[in-house]
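Subject: Structure for your review

Hello,

Here is the structure I said I would pass on, with notes on what was found in it. Please read the notes with the model open.

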Amino acid sequence: MTPMMTYAGVILAFIRKYSPEFSMGDLIGLMLPYSVCFLTIWTLLLILFFELGIPLGF
């Protein structure tokens with residue numbers, strides 16, 4: 001979740017339809033665990049590729 005995320009405004013608009021007091025900070029706090037999980041998994045996958053000598057592209 002970054003401030004540059006294209007759909008952040010759309011997600012916030014849909015959430016505010018049901019919970020008007022919801023803010024951008026709440027949205028970032030809600031998405032933070034997913035972001036940390038993805039960062040960890042992709043970093044481990046990159047390390048695995050380097051260790052096994054698998055090329056990253058064509």
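A helix here is a DSSP run of H or I at least four residues long, and helices are numbered from the N terminus. Helix 2 is followed by Gly 53, which has a positive phi, near 75°. Please keep in mind that this is a predicted model.

Helix 2

Helix 2 covers residues 24-52. Its 29 residues, at 1.5 Å a residue, should span 42 Å, and the end C-alpha atoms are 41 Å apart, so the two values agree. The expected figure is 1.5 Å times one less than the number of residues. Helix 2 also has a kink of about 40° at Met 31, shortly before the proline Pro 33.

Two other positions in this helix were looked at for accessibility. Leu 27 lies in helix 2 and is buried, because its relative accessible area is 1% and the cut-off for buried is under 20%. Gly 29 is in helix 2 as well, but with a relative accessible area of 46% it is partly exposed.

The nonpolar patch

Which residues make the nonpolar surface patch? They are Tyr 34, Phe 38, Trp 42, Leu 45, Leu 48, Leu 52 and Ile 54, and the patch amounts to about 760 Å². One of them, Trp 42, sits in helix 2. Trp 42 counts as exposed because its relative accessibility is 54%, and exposed means over 50%.

Helix 1 runs over residues 8-18 and contains Ile 15. Is Ile 15 buried, partly exposed or exposed? Its relative accessibility is 24%, so Ile 15 counts as partly exposed. With neighbours within four places in sequence left aside, Ile 15 is in contact with Phe 22 and Leu 27.

Distances

Leu 27 and Ala 8 are 19 residues apart along the chain, and their C-alpha atoms are separated by 8.4 Å. Ile 15 and Phe 50 are 35 residues apart along the chain, with 41 Å between their C-alpha atoms.

Regards

Technical notes
Residues numbered from 1 in each chain as written. Predicted model: local features only at pLDDT ≥ 70, side-chain atom pairs only at ≥ 80, totals over all residues. Heavy atoms only, no water. Patch = residues over 30% accessible without salt bridge, like charges linked within 9 Å, V, L, I, M, F, W, Y side chains within 5 Å. Areas by Shrake-Rupley, 256 points an atom, 1.4 Å probe, with all protein chains shown as cover. Salt bridge = Lys/Arg side-chain N within 4 Å of Asp/Glu carboxyl O. Buried < 20%, exposed > 50% of the residue type's maximum accessible area, 1.4 Å probe, protein only. Bend = angle between axes of the 7 residues up to and from the residue. Contact = heavy atoms within 4.5 Å.
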